[in-house]
Amino acid sequence: MDKLVIDGGRPLHGVVPVSGAKNAALPILVATLLAPGEHELHNVPELVDVSFMLSLLGRVGCPSLVGLGGSPDRVRLDTTRIAFCEAPYDVVRKMRASVLVLGPLLARCGQAHVSMPGGCAIGVRPIDQHLKGLEALGCTFELDGGYIHGKVDQLVGADMTLDFPTVTGTENIMMAAVLAEGVSVIRNAAAEPEIVDLARFLRSMGARIKGEGTDTIEIDGVPALRPARRPYSIMGDRIEAGTYLLAAAATGGDVVAKGAPVEDMGAVIDALRETGCEVDVDGDQIRCRRSGDLKPVSISTQPHPGFPTDMQAQWVALMAIAAGESSVQENIFENRFMHVAELLRMGANIQLNGNTALIEGGGGLTGATVMATDLRASASLVIAGLSAEGTTEMLRIYHLDRGYERLCGKLESLGASIRRLPEDTPVVVGRPAQTTAAV
Ligand code: EPZ
C-alpha cells in the first residue's frame, strides 16, 4: 500500500489537462453492450474504476484493448458476443457502478444476474429506482443469494416518474428503453451532464432520445443499435477540473484547467467567484487565481445544475481556510462528511449538525497523518494538505486512484511538493521543526 506525502504552503501555478469524465466513461463503456460489434472510445480516463469496468465487460465476454495507437486514452471494445449475463459480487462490491450492466444486459440478452451493490462509505445507496424503472419497461426481478435476477421477454416503452432524480438509475433505464418497443418517458430524471454525454453516445449508435439534460427524457425505442461510425470522445471531468481550481484557490495560486466542460460548471465557478477568486473562462479553459484573502461562502448540494455533491468535501476543505463562518449542507447522501474528522486533525474548526457542516475558517491548517475514506474525501484532504503548514501524509490513497488520473504528476507540474511513497516510509509530519538558533 502507498501513501501520499505533501509539503504544504506552495501556491500552485500552471495549466493542468482535464481527463475524460469517470462518471461519463463508466455508463458509456457499459452502453457498448447494446450494439454488437467493435467500438472505439477516446478520452477514456486511466482510472481504477475504468479498469474494473473493462474487466467486468471482459468477464461478460466482451474483450477490450486499451492504448490504441499508443494513446492510453483510446479504448477498443468488442461486444459481438455476450457469454455471461452476470456481474459477480467480487466485482460489484469493489465498484457499485457495475450495477449499470443491468439495463444493457436485459435489453441485449433478456436476462441479468447482478450482485446487489451493498452500501458504501457515503451511504446505503439503494437501487430501488433502477428496478422501478426497469419493471415499468416489463422486466421482472427476484432477489436471491444477494443477487438480483432480472428477466424480460420484450421491453415495452412506458411513461414513468422517478421518486428521486438518480443519476445511474436514469442511465440504467435509458439504456434499456432505447431497445424497447414504443416510446418511453422518464420523468423526474437526473439532468447531470454525464447523462447528456451518455445520450449523445447512444444516439451515435442509432438511438432516438430527446430531453436529456432536463428532468424529462423521451426515448423512441428501436429494434437494434450498431456501433458508432466514428470513435466517440468522452466529455471532460467537471469534478476533476473543479478539484484543481479549488486547489489553486486554497494555495493562493493561479491555475488553468484545460479541457473542462465549462458550460456544466456554473455552480462551482459562481461559488469560487464569491470567495473573491478571479475566475476567467476561455473556451474549454477555466483560470482560477487568488491573490487576496478567501471569503467564506456557504453552499448546499443539489442535483445538477446545483452545487454538485461530488465537490462538497473539497469545498469544506477550502472553507476551513477562509477566515469567517460558513456552512456546507449535504442533501444528496446521508453520510458524506467523513473528511471532517480528518480535517479536524489538521486544525480545522468544523462542527457537524445533521446534514450540515458549520465551519469557522481561517485558523490555518497544519500537516498531519490523515486517512482517506472515500474518493472525494481524499480529494478534500489533498487540498487541505496543499494549503497546510508543514507536511501531511495521507493513507489509503487507493480511494484517490479510483477517480483522479495521474494526480501526483499533475500536481507536481503545478509546483506542488507531493510524493507517493510506500506506506511504511518514515515521514515527519506537521510544522517543519523549528531550526534551533546557532549558538
Ligand atoms: C452518481 O452516483 C455518481 N456516480 C456519484 O459520483 C454522484 O455522487 C451521484 O451520482 C450524485 O451526483 C456515478 O455516476 C458512477 P444517485 P449514483 O443514484 O447514481 C438515492 C463520485 O464521487 N437513491 O443519484 O449512485 C441514493 O441513496 C461518485 O464520482 C435511492 O434512494 O447516485 C442517494 O442518496 C460518488 N434509490 C441519492 O439517491 C435509488 O434507486 C443519489 O444517488 C438510487 C439512488
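This is a predicted model: local features need pLDDT of at least 70, side-chain atom pairs count only at pLDDT 80 or more; totals for chains, interfaces and linings use all residues.
**Overall form and ligand site**

Along the principal axes, its C-alpha trace spans about 85 × 45 × 40 Å. The chain contains 14 helices and 24 strands, and buried residues account for 56% of its 439 residues.

The ligand lies between two domains, because domain 1 (2–19 + 236–422) and domain 2 (22–231) both give residues to the shell around it. That shell has 20 residues, of which Gln129, Thr166, Thr168, Asp310 and Ile332 come nearest to the ligand. By residue class, the shell divides into eight nonpolar, six polar and six charged residues.

Several helices take part in the shell. Helix H1 (22–31), helix H5 (128–136), helix H6 (167–177) and helix H12 (375–387) each supply at least two of its residues. The largest share, three residues, comes from H5.

For Lys22, a polar side-chain atom is 2.9 Å from an oxygen atom of the ligand. In the case of Gln129, the backbone is involved: one of its N or O atoms lies 2.7 Å from a ligand oxygen atom. Thr168 places an N or O atom of its side chain 2.6 Å from an oxygen atom of the ligand. On its own the ligand has 820 Å² of accessible area, and the protein covers 88% of this.

Note on methods:
Residues are numbered from 1 along each chain as its sequence is written. Side-chain values use heavy atoms; hydrogens and water are left out. A residue is near a molecule or strand if one of its heavy atoms lies within 4 Å of it. A polar contact is a pair of N or O atoms within 3.5 Å; within protein, one must be able to donate a hydrogen and the other to accept it, and residues adjacent in sequence count only if both atoms are side-chain atoms. Accessible areas come from the Shrake-Rupley method with a 1.4 Å probe; for residues, only the protein chains shown count as cover. Helices (H or I, at least four residues) and strands (E, at least two) are DSSP runs, numbered from the N terminus. Ala, Val, Leu, Ile, Met, Phe, Trp, Tyr, Cys and Pro count as nonpolar, Asp, Glu, Lys and Arg as charged, and the others, Gly among them, as polar. Domain bounds come from an automatic or database domain assignment. Buried means under 20% relative accessible area, exposed over 50%, partly exposed in between (1.4 Å probe, protein chains only).
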